[in-house]
Amino acid sequence: MAIKVQIPTPMREQAGGNAEVVVTGGTVKAAFDDLLRQFPALATKLFDNGKLRPYINVFVNDEDIRYLDEMD
């Protein structure tokens with residue numbers, strides 16, 4: 001499934017200057033895996049010791065993943 005990911009301005013340099021990218025995946029984790037495969041430099045901006053940094057907000061259909069199944 002194609003998923004649109006909006007890249008915040010401070011992270012666009014690590015995403016090749018893109019404001020939005022398309023990734024695939026059936027879960028948030030799979031989508032992040034594809035995003036980092038395309039733009040590995042984003043890993044240190046998004047994750048710390050394998051966990052999503054607390055200031056990174058991720059929404060799936062307007063729902064914060066913190067209130068869903070997180071990365072699943």
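Asp34 touches Val22, Val23 and Thr24, leaving aside residues up to four places away in sequence; contact means heavy atoms within 4.5 Å. Asp34 sits in helix H1. Helices (H or I, at least four residues) and strands (E, at least two) are DSSP runs, numbered from the N terminus. Asp34 is buried, with a relative accessible area of 10%. Buried means under 20% relative accessible area, exposed over 50%, and partly exposed in between, with a 1.4 Å probe and protein chains only.

This is a predicted model: local features need pLDDT of at least 70, side-chain atom pairs count only at pLDDT 80 or more, and totals for chains, interfaces and linings use all residues. Residues are numbered from 1 along each chain as its sequence is written, and side-chain values use heavy atoms, with hydrogens and water left out.

**Strand S2**

Strand S2 covers residues 20-24. Its covered face holds Val21 and Val23. Glu20, Val22 and Thr24 form the uncovered face. S2 runs antiparallel to strand S1 (residues 2-6), and 5 bridges join the two. Two strands pair if DSSP finds at least two bridges between them. Lys4 stands opposite Val22 in S2.

**The core**

The largest nonpolar core has 16 residues. Such a core is a set of buried Ala, Val, Leu, Ile, Met, Phe, Trp, Tyr and Cys residues joined through side-chain atoms within 4.5 Å. Ile7, Phe32, Leu35, Leu42 and Leu46 touch the most other members. S2 and H1 each supply at least two residues of this core. H1 gives the largest share, 4 residues. Leu35 is in contact with Ile7, Val21, Val23, Leu42 and Leu46, its neighbours within four places in sequence aside.

**The aromatic pair**

The whole structure holds 1 aromatic pair. The rings of Phe32 and Phe47 have centres 5.3 Å apart and planes at 80°, so the pair is edge-to-face. Rings of Phe, Tyr and Trp (its six-membered ring) pair if their centres lie within 6.5 Å; planes under 30 degrees apart count as stacked, over 60 as edge-to-face and the rest as tilted. The pair links distant parts of the chain, 15 residues apart: Phe32 lies in helix H1 (residues 28-38), Phe47 in strand S3 (residues 47-48).

**Accessibility and the S5-S6 loop**

Asp62 is in the loop between strand S5 (59-60) and strand S6 (63-64). Asp62 and Leu36 are 26 residues apart in sequence and 22 Å apart in space, C-alpha to C-alpha.

| Residue | Relative accessibility | Class |
|---|---|---|
| Phe32 | 9% | buried |
| Phe47 | 16% | buried |
| Asp62 | 74% | exposed |
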